[in-house]
Amino acid sequence: MRTSILAAGAALSLALMASPAQAAYSDVCDTDTIQDMAPKGTTIAFAVREVFADRGHVGPGEIWGCRVMGYVTNTDPGPNKVLFTITLPDEFTGRYVYLGIGGAAGKIPDIPERLLARGYALAGSDAGTGAKSPADFSFMNDKGRLTDFLWRGVQSSATATQAITRAYYKKPDIKRYISGCSGGGQMGLGNARRFGGQNFDGFLVGATPWHASLYHPNIFRIAGHLQNHPEGWISPDLTKKANAAILAAYDDVDGAKDGIIHDPRAIRNFDTGILKKVGFTPAQIETFNLIRNTYKFPSGGPSGDGTHPGYPISDVSGWTRFILGTLPPPWPSTKGANTADLLRKGVPFTHIMADTKARSVNPDADYWKITDFKEIVRLTSKDGETMPFDDPMDFNALAASGAKMIVWHGVNDESMSYLESLAGYHALQKRFPNAGDWSRYIPVPGMWHCRGGTGPTDDAVEEMLDALVDWVEKGTPPTGIVAGRYTRDGGKERTFLLCPDPTQAYLKSPDLDPKDAANWICRAPAG
C-alpha cells in the first residue's frame with residue numbers, strides 16, 4: 001500500500017513536470033534539489049509543482065506551490081518508515097503548520113487550500129502506523145510503529161519538513177505550528193509534553209485525551225456493557241427522538257432558545273422520564289445513564305482520583321457515530337477481520353478500537369470478558385507504553401519553553417467527552433499556577449468530534465489558529481473568538497462566540513438575536 005502511494009506520486013510528478021509552462025515557475029521544485037535540502041535519513045519520493053484550486057482565496061489568481069512526498073526511516077526500534085508530505089506555496093508568509101492526522105493515523109492528511117492560499121507551508125505524516133482504518137490499533141504490538149505513533153513520527157517528520165522549508169525559501173527563521181484533532185491533537189499534545197517548544201512555537205490541540213486520561217478504560221467499559229447486554233443498545237432512530245426531546249426541554253438553560261445547548265453543565269437533575277416518553281426500555285435507560293454519568297475507576301485520571309465525568313447530553317444523536325454504531329451488538333471480533341469493512345457495516349468505532357487495542361497485547365483477549373476494572377486500566381494505560389511517562393501531567397518542558405498551547409473541544413463530541421478534557425485542563429492549572437501564561441482551553445458549542453454538528457463549521461479551527469498565531473507572534477492571548485456556521489454554498493447561518501475557560505458565553509439580553517456573536521459576552525459564571 002505504501003509503495004503504491006509513492007509510485008502514484010511519482011507518476012503524478014512526471015505528468016505535471018511534462019508541462020513546460022508549469023516547470024518554468026521554479027528551478028527549485030524538483031526531486032533531486034529537495035533531496036539535497038533534506039536531513040540524513042530522509043528519502044524524497046518526488047517533488048512537483050502544482051496549481052491549487054482558488055477556493056477560499058481572496059481575490060483573483062491561481063495558487064501555485066511545490067508538493068513534496070517522502071519518508072523518514074526511523075530505527076531503534078525499527079526500522080520503520082514514516083511517510084510525510086510538505087506543500088510549499090509560492091507566496092510564503094514565514095509560517096509552517098504541521099497537520100495532525102486523527103485516530104490510528106496510517107494516512108497522509110489532506111491539505112487545506114484555505115491555509116495554503118494564505119501563504120502557510122503545510123506538512124503532515126501518516127505517523128508510521130500502517131493502520132488499515134482510523135480505528136485499527138493493531139500496530140501497537142510493533143515497537144517501531146508504536147514509538148513513531150506516540151512521539152517519534154511527529155518529531156522526525158517535522159524535523160525533515162522544517163529543514164526543507166527553511167532551505168527552500170532560504171529563510172532560517174520560520175514560525176512553527178502544529179494543529180490536529182483527536183489522534184491528530186495527540187500528535188501535538190505528546191510533542192508538547194515531551195519536547196516543549198523544541199519542534200513547535202504553537203500547539204493547537206483539538207479533542208484529545210490527556211496522557212493520564214481514562215478515555216480508553218471508559219470506552220472499554222461502555223463497549224463491553226453493550227457487547228454483553230445487546231438488549232440495551234440504542235438505535236439511531238431512538239437517539240434522534242431522545243435528542244429532540246432533550247433539546248425541547250433544556251434548550252433555554254443557557255438563556256438562549258436557539259436550537260443549541262451551549263453549556264450542558266447547566267442541565268441539573270436530568271429527567272429520565274423524557275426517555276420513557278420516546279420509547280426507551282429500562283435496559284436502554286441503563287445504557288444511557290452508563291454513558292452520561294460520572295464513573296469512578298480504581299485509579300488513574302489527570303487528578304489521580306480515577307474519575308471519568310461521563311458524556312454530556314446536549315446532543316445524544318451523535319452517539320451513534322462512535323459509541324453505538326448502526327449495527328446492533330453483539331459485534332464481531334476484529335481478529336483476522338478488515339476493520340475498514342467493519343466500520344462500513346455499522347460496527348461502532350469504539351468496539352473496533354477496544355478490540356484491536358486489547359488484541360495488540362493478547363491476540364486471544366476478548367475485551368468484553370474482562371470484568372476487573374483494575375485490569376482494564378492497566379491494559380489501556382501501561383502495556384504498549386500508551387502512558388509513556390512516569391508523571392504524565394508533567395508539562396515542565398512546555399511551561400519553560402515560551403511556546404503557547406490552545407486546547408479546544410466540541411461540546412457535543414460523541415467520541416470523547418469534552419468534560420473529560422476540561423477536567424484534565426483544570427488538573428493542569430492546579431499543577432501549574434502559571435498555566436494561563438502559556439495555555440488556554442476553549443469549548444466549541446454544538447460541535448461533534450472535530451467537526452460537524454450544529455455548531456461552527458470548519459472555519460472555527462482556522463479562527464483558533466489565527467488566535468494562536470497572534471498569541472505567539474504578538475503576545476496577545478485569546479479572550480473571545482468569533483466563528484461562523486456556513487452553508488455549503490458559503491452563506492452564513494450564524495456566528496458563535498468561543499470563550500476560553502473559565503469564562504462562558506452569555507447572551508447580553510434575552511431580546512437580542514442569539515445567532516449573532518456580537519450579542520454575546522465572555523464572562524465567568526456566577527458563583
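Predicted model: local features only at pLDDT ≥ 70, side-chain atom pairs only at ≥ 80, totals over all residues.
**Helix contact α5–α6**
- Helix α5 (residues 143–169) packs against helix α6 (residues 183–195) at an angle of about 85°, and their axes are 9 Å apart.
- That angle makes α5 roughly perpendicular to α6.
- On the α5 side the contact is made by Trp 151, Val 154 and Gln 155, and on the α6 side by Met 187, Asn 191, Arg 194 and Phe 195.
- By type, the residues of this contact divide into 4 nonpolar, 2 polar and 1 charged.

**Trp 151 and Phe 195**
- Trp 151 and Phe 195 form a tilted aromatic pair, 5.8 Å centre to centre with 55° between the planes.
- The pair links distant parts of the chain, since Trp 151 is in helix α5 and Phe 195 in helix α6, 44 residues apart.
- Trp 151 counts as partly exposed at 23% relative accessibility, whereas Phe 195 is buried at 17%.

**Phe 270 and Phe 288**
- The ring centres of Phe 270 and Phe 288 are 5.8 Å apart and the planes lie at 20°, so this pair is stacked.
- Phe 270 is in the loop between α8 (236–250) and α9 (273–277), and Phe 288 is in helix α10 (residues 282–292), 18 residues apart.
- Both Phe 270 and Phe 288 are buried.

**Charges over rings**
- Arg 221 lies over the face of Tyr 295, at 4.2 Å from the ring centre.
- The charged end of Arg 494 sits over the ring of Phe 496, 4.2 Å from its centre.

Definitions and conventions: Residues numbered from 1 in each chain as written. Heavy atoms only, no water. Axes fitted to C-alpha atoms, helices over the stretch in contact; angles between N-to-C directions. Helix = DSSP H or I, 4+ residues; strand = E, 2+ residues; numbered from the N terminus. Parallel < 35°, antiparallel > 145°, perpendicular 65-115°, else oblique. Contact = heavy atoms within 4.5 Å. Nonpolar A, V, L, I, M, F, W, Y, C, P; charged D, E, K, R; others polar. Phe/Tyr/Trp six-rings, centres within 6.5 Å; stacked < 30°, edge-to-face > 60°. Buried < 20%, exposed > 50% of the residue type's maximum accessible area, 1.4 Å probe, protein only. Lys NZ or Arg CZ within 6 Å of the ring centre and 35° of its normal.
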